[in-house]
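Biologist: I am new to this structure and would like to know what lies behind the terms used for it. Please take me through them one by one.

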Amino acid sequence: MDQIRDRLKDPESADFTDVFFSRSGGIPAACGYVNAKNSFGGYIGKQRFFTAGDSVPAILESDMPDFATIWNKFCQ
């Protein structure tokens, strides 16, 4: 969660939900949803995230157009 917070405009506003751990892709991964405030102070809406500790940087759904591929491989 710290890796995700570090990527947000307002880390203190991060609201994590439905966080779970998975090994479905062959590596231990944390998956879930985060909602946080943007530069204008409004919440951006829940978006998915994926991270596998220090070996794989945290990835937010908004980072990649094909995020669903990662989610389906590592978070199912």
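Modeller: This is a predicted model. A place to start is Gly32, whose bridge partner in S3 is Phe49. Ala30 likewise stands opposite Thr51 in S3.

Biologist: What makes S2 and S3 a pair of strands?

Modeller: Two strands pair if there are at least two bridges between them. Five bridges join S2 to S3, and the two strands run antiparallel, so they count as paired by that rule.

Biologist: How do you know that S3 and S4 pair?

Modeller: The cut-off is at least two bridges, and S3 and strand S4 (residues 59-60) have two, in the antiparallel sense. Phe50 stands opposite Ile59 in S4.

Biologist: What is the order of the strands in the sheet?

Modeller: The open sheet has four strands in the order S1-S2-S3-S4, with antiparallel pairing. S1 and S4 are called edge strands because each pairs on one side only.

Biologist: Why is S3 described as largely enclosed?

Modeller: Strand S3 covers residues 47-51, and five of its five residues are buried, so the rest of the structure largely encloses it. Both of its faces are covered: Gln47, Phe49 and Thr51 are buried on one side, Arg48 and Phe50 on the other.

Biologist: Why is Phe49 called buried?

Modeller: Buried means under 20% relative accessible area. Phe49 has 1%, so it is buried. Phe16 has 16%, which is also under the cut-off, so Phe16 is buried too.

Biologist: Why is Thr17 called partly exposed?

Modeller: Partly exposed lies between the 20% limit for buried and the 50% limit for exposed. Thr17, in strand S1, has 25% relative accessibility and therefore counts as partly exposed. Val19 is in strand S1 (residues 15-22) as well; its 32% puts Val19 in the partly exposed class.

Biologist: What makes Val19 part of a nonpolar patch?

Modeller: A patch residue needs over 30% relative accessible area, and Val19 has 32%. Val19 forms the surface patch with Met1 and Phe21, and together they have about 330 Å² of accessible area.

Biologist: Which residues form an aromatic cluster?

Modeller: Phe20, Tyr33, Phe67 and Trp71 form one aromatic cluster.

Biologist: How do you know that Cys31 and Cys75 form a disulfide?

Modeller: The sulfur atoms of a disulfide lie within 2.5 Å. Those of Cys31 and Cys75 are 2.0 Å apart, so the pair counts as a disulfide. The count by this rule comes to one disulfide. Cys31 and Cys75 are both buried.

Biologist: Why is the disulfide of Cys31 and Cys75 called left-handed?

Modeller: The torsion about its S-S bond is about -75°, so the disulfide is left-handed.

Terms used
Residues numbered from 1 in each chain as written. Predicted model: local features only at pLDDT ≥ 70, side-chain atom pairs only at ≥ 80, totals over all residues. Heavy atoms only, no water. Buried < 20%, exposed > 50% of the residue type's maximum accessible area, 1.4 Å probe, protein only. Patch = residues over 30% accessible without salt bridge, like charges linked within 9 Å, V, L, I, M, F, W, Y side chains within 5 Å. Areas by Shrake-Rupley, 256 points an atom, 1.4 Å probe, with all protein chains shown as cover. Salt bridge = Lys/Arg side-chain N within 4 Å of Asp/Glu carboxyl O. Phe/Tyr/Trp six-rings, centres within 6.5 Å; stacked < 30°, edge-to-face > 60°.
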